[in-house]
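Subject: Structure handover

Hello,

Here is the structure I promised to pass on. Please open it first, then read my notes below.

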Amino acid sequence: MITKQKGTMDIYGDMAKKRQYINDILVSLCEKYNYDYIETPVFESSELFHRGVGETTDMVQKETYDFKDRGERDITLRPEGTAGVVRWFVENKLYGNMTDPVKVFYNEKMYRYERPQSGRMREFTQWGFECFGSDDVMSDAEVVSLAYNAYRLLGLENVTIKINSLGDNESRNNYREALINYLKPHINELCEDCKERLEKNPLRILDCKIDAGSDILKNAPKTLDYLNEESKERFEKLKNYLDLMDINYEVDTKLVRGLDYYNHMVFEVVLDDSYALGGGGRYNGLVETLGGPSTPGVGFAMGYDRTLLAIEENNINIPINNSIDVYFLYVSDTEKETAAYLTQNLRLNGFIAETDEMQKSLKAQFKSVDRFNSKYFCVLNDEDLKKNEVVLKDNKTKEEERVNINDLVDYLDMHM
Ligand code: HAM
């Protein structure tokens, strides 16, 4: 038997219905924020993600699905959504004549070669959004607000937004230097990867999965202490906007995020201090890194699967439809033809209609009525059909009504 790959899952049944329901909520929320839907390819040139996310990040060093295609091109399966959207933005020269920000959202599969466990998959879905063109702190606040409202709409009202600031380039460089000076005397106590990271990318030591929890990292200098005046002011403004918008947040001075492209605001959404349900931040240098002109950007991605797990664990009820409207039963060929016609007609008029496609006995068809939890059923009968009539039975009350076929849609419209 061929089984699914480790860290992947089939999505079906109630779970698939719940995801569709959640998707509808999120799409309608994004539309309220005036974000447009976008899809980018699942695979892109390796360079895009390696350069975009950062060569020394764990994601690129250990987790990307890299391969050569049959034309010897270096290809990577999308590990995150931002780099692909930036590539789209640059390739289509959307930076020209920007009078308003370009805002897009996506809901896509991502691929990371991680050790699979609950909430950590190799194929997983992110619902994310990106905003280009505004460096105003208000757009930072808007992105946090969109993320926050999404979780609240899904019933996860207890989420905490953790925010921090990495500051502008000058602040980041000052912090980098302080971090190197602090870590140097301790470097032999850290893992081999971290030794390499010290000079190349010391910030990445702070989110090392091996050394996480070590006192050395716990006592490391904090980014906020190295912000220059301008960056400090930005961070204060952000907090002010979040307060104004009634958004619950906590400043987490340890938050640096695991991707290289961030500056200024970074944030994560957590529930009960477990893993992040989502994360994002500002990335003013990324468009330039990927070949465009310097353009500010800010965004967020929700871990869709993790969010769903949290919804299940918190017993939040997601309404799903497990019933149909009408089931047509039949015996003769002419009755069967009518069943084909009527199901087609009702479906086109917005009802969920079903009939037998397995040549079942009438008794077995009755069982399907209950299995599908049909609100009405109708045993087609040649005698009735001659009069252009059907007998429609309410499956709960068992009350029945003789209805002219031409009036069936109107009847159901009135009774459902
Ligand atoms: P990220 O923090 O790497 O950020 O991923 C965002 C979210 O995706 C995480 O908080 C988590 O909920 C979910 N996630 C990550 N890895 C896995 C996994 N292996 N299995 C299940 N869920 C996972 C980004 O990807 C950035 N592109 C976010 C962003 C958008 N920043 C700015 N714009």
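This is a predicted model: local features need pLDDT of at least 70, side-chain atom pairs count only at pLDDT 80 or more, and totals for chains, interfaces and linings use all residues. Residues are numbered from 1 along each chain as its sequence is written, and side-chain values use heavy atoms, leaving out hydrogens and water.

**Aromatic rings**

The structure holds 15 aromatic pairs. Rings of Phe, Tyr and Trp (its six-membered ring) pair if their centres lie within 6.5 Å; planes under 30 degrees apart are stacked, over 60 edge-to-face, and the rest tilted. Tyr 37 and Phe 105 make a tilted pair, with 5.5 Å between centres and 55° between planes. Tyr 37 lies in strand S1 (residues 36-37) and Phe 105 in strand S5 (residues 102-111), so this pair ties together parts that are 68 residues apart in sequence. Strands here are DSSP runs of E, at least two residues long, numbered from the N terminus.

How covered are the two rings' residues? Phe 105 is buried at 3% relative accessibility. Tyr 37 is partly exposed at 46%. The cut-offs: buried is under 20% relative accessible area, exposed is over 50%, and partly exposed is in between (1.4 Å probe, protein chains only).

Now take Phe 89 and Tyr 95. Their ring centres are 6.2 Å apart and their planes at 65°, so the pair is edge-to-face. Phe 89 is buried at 0%, and Tyr 95 is partly exposed at 26%.

Ring pairs also link Tyr 35, Trp 127, Phe 129, Tyr 151, Phe 267 and Phe 300 into a cluster.

**Around the ligand**

The side chain of Thr 82 has an N or O atom 2.9 Å from a ligand nitrogen. The side chain of Gln 126 has one 3.0 Å from a ligand oxygen. Phe 300 uses a backbone N or O atom, 3.2 Å from a ligand nitrogen. Taken alone, the ligand exposes 660 Å², and the protein buries 96% of that (Shrake-Rupley method, 1.4 Å probe).

Best wishes

Conventions
Helix = DSSP H or I, 4+ residues; strand = E, 2+ residues; numbered from the N terminus. Polar contact = N/O pair within 3.5 Å; in protein donor to acceptor, adjacent residues only side chain to side chain.
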